[in-house]
Amino acid sequence: MNTRRNFIRTTGLTALAGFSGIETLFAAGRKQVKKSGKGLVLRFIPYDLQLRHTFTLANSSRKNTPDVLTSLEFEGVTGYGEASMPPYLGESVDSVTRFLSSLNLSQFNDPFQMDKILQYVDSVMPGYCAEKAAVDIALHDLVGKLMGQPWYKIWGFDPADAPNTSFTIGIDTPEVVRQKVAEAAPYKILKVKLGQKTDREMVETIRSATNAPLCVDVNQGWTDRQMALDMIHWLKEKGVVFVEQPMPKTAIDDMAWLTENSPLPTVGDESVQRLPDVGKAKGVYSGINIKLMKCTGMREAHQMLTLARSLNMKVMIGCMTETSCAISAAAQLSPKCDWADLDGNLLISNDPYSGIQVVDGKVTLIDKPGIGIHNLQTIF
Ligand code: MG
């Protein structure tokens, strides 16, 4: 019921509140169920993610993240996915609806033809990366369930190799920062968002509350390379282990200079969206941050991971604010990553799924088929 109320509120379909199921809502006019006989059946539903704390980056802040939950059904087996849409990526519930409505997945009668299906999804329109991830994740979940195996096993990874995950402490007043650090006590590594005038104060405030290792994400916030290098030297003394996207993604030459001279590894995030960006990042960054919502999902994420490893680059698996669905999907790759930043589900208060857990700060995969989640609410 809770989910249905959220959906109705999100879409403004209050007149339909008395209908008995989500399918009835879809059948009532939105035409979001693509069904024809034996093919794949795609469903989707908007779901607004409520953030526990106002989330502040270098250039913006917000209290919620629009999201769309998807399901892909084949002969009674259902896989789940989602598209998370932080506003700065330019995607929205409207863009997801437009993209997913344009797909004809019922033409595919064999979900194991993942290559063909996902090439089709990618070819429909350029961009729409989160939308494509929403289909990709659901397809992986579905195929994993049909195989009876989790994806980390299908890929041949050892779950014991999964790294600790960092937990993000957003920019805030010293009092709130200390409270957030106290809440983050179970995590072995904290992530700090920098890129404002108060950077040193922020790090000092965290250091007054914990000795845990830190990683920093500047979100392109530093524009002077010498100042950036000075900051990185200072951050190293403060127990920082790597620096994510210190400079604007367009500052390629400055960034290559910074990486060459930096005493800490640098990681490209905004600079590295999809597979072709990995090769371009070689020599510019020490490593890359892979996120499913940027790279269209698990299939391309796995390709990026493989390519980055072959180029001897570091790999971080990251996330947006998203539910345990996309987090558990990303976590399937984590055993082959140096660092994980998979706290997006922990930053929201209305997660409709349960999936991977963080135990003693470590990403802990479970032996459950697909992406390893179960529903806490009836959604589809
Ligand atoms: Mg980042």
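Buried here means under 20% relative accessible area, exposed means over 50%, and partly exposed lies in between, with a 1.4 Å probe and protein chains only. Strands are DSSP runs of E with at least two residues, helices are runs of H or I with at least four, and both are numbered from the N terminus.

A word on the source: this is a predicted model, in which local features need pLDDT of at least 70 and side-chain atom pairs count only at pLDDT 80 or more, while totals for chains, interfaces and linings use all residues. Residues are numbered from 1 along each chain as its sequence is written, and side-chain values use heavy atoms, with hydrogens and water left out.

To return to β7, which spans residues 189-193: five of its five residues are buried, so the strand is largely enclosed by the rest of the structure. What lies on either side of it in the sheet? Strand β6, residues 166-169, runs parallel to β7 and is joined to it by four bridges; two strands count as paired if DSSP finds at least two bridges between them. Within this pairing, S166 has I189 as its bridge partner, and T168 has K191.

C215 counts as buried, at 1% relative accessibility.

The loop between α8 and β8 contains T210. This residue is buried, with a relative accessible area of 18%. Leaving aside residues up to four places away in sequence, T210 touches V181 and L190, where contact means heavy atoms within 4.5 Å.

Eight strands form an open sheet with parallel pairing, in the order β6-β7-β8-β9-β10-β11-β12-β13. Its edge strands are β6 and β13 (339-340), each of which pairs on one side only. Further along, β10 and β11 (residues 287-290) pair in the parallel sense over two bridges, and G268 stands opposite I288 in β11.

I turn to the metal site. Which residues are the protein donors of the magnesium ion? They are D217 (OD), E244 (OE) and D269 (OD), lying 2.1 to 2.2 Å from the ion. Donors are N, O and S atoms within 2.8 Å of the metal, or 3.2 Å for Na, K and Ca; water is not among the atoms, so sites may look incomplete. Along the chain the donors follow the spacing D-x26-E-x24-D. E244 belongs to strand β9 (residues 240-244) and D269 to the loop between β10 (266-268) and α11 (275-281), so to speak of this pair is to link distant parts of the chain, 25 residues apart. E244 and D269 are both buried.

Next, the aromatic residues. The structure holds eight aromatic pairs. Rings of Phe, Tyr and Trp, the last by its six-membered ring, pair if their centres lie within 6.5 Å; planes under 30 degrees apart count as stacked, over 60 as edge-to-face, and the rest as tilted. F99 and Y128 are stacked, because their ring centres are 5.2 Å apart and their planes are at 20°. Since F99 lies in helix α3 (residues 93-102) and Y128 in the loop between α4 (114-124) and α5 (129-147), the pair ties together parts that are 29 residues apart in sequence. Both F99 and Y128 are buried.

The rings of F242 and W339 are also stacked, with centres 4.2 Å apart and planes at 25°. This pair links F242 in strand β9 with W339 in strand β13, 97 residues apart. F242 is buried, and so is W339.

I close with the cysteines. A disulfide is a pair of cysteine sulfur atoms within 2.5 Å, and by this rule the count comes to zero. For C129, the nearest cysteine sulfur is that of C295, 8.1 Å away. C129 is buried, with a relative accessible area of 14%.
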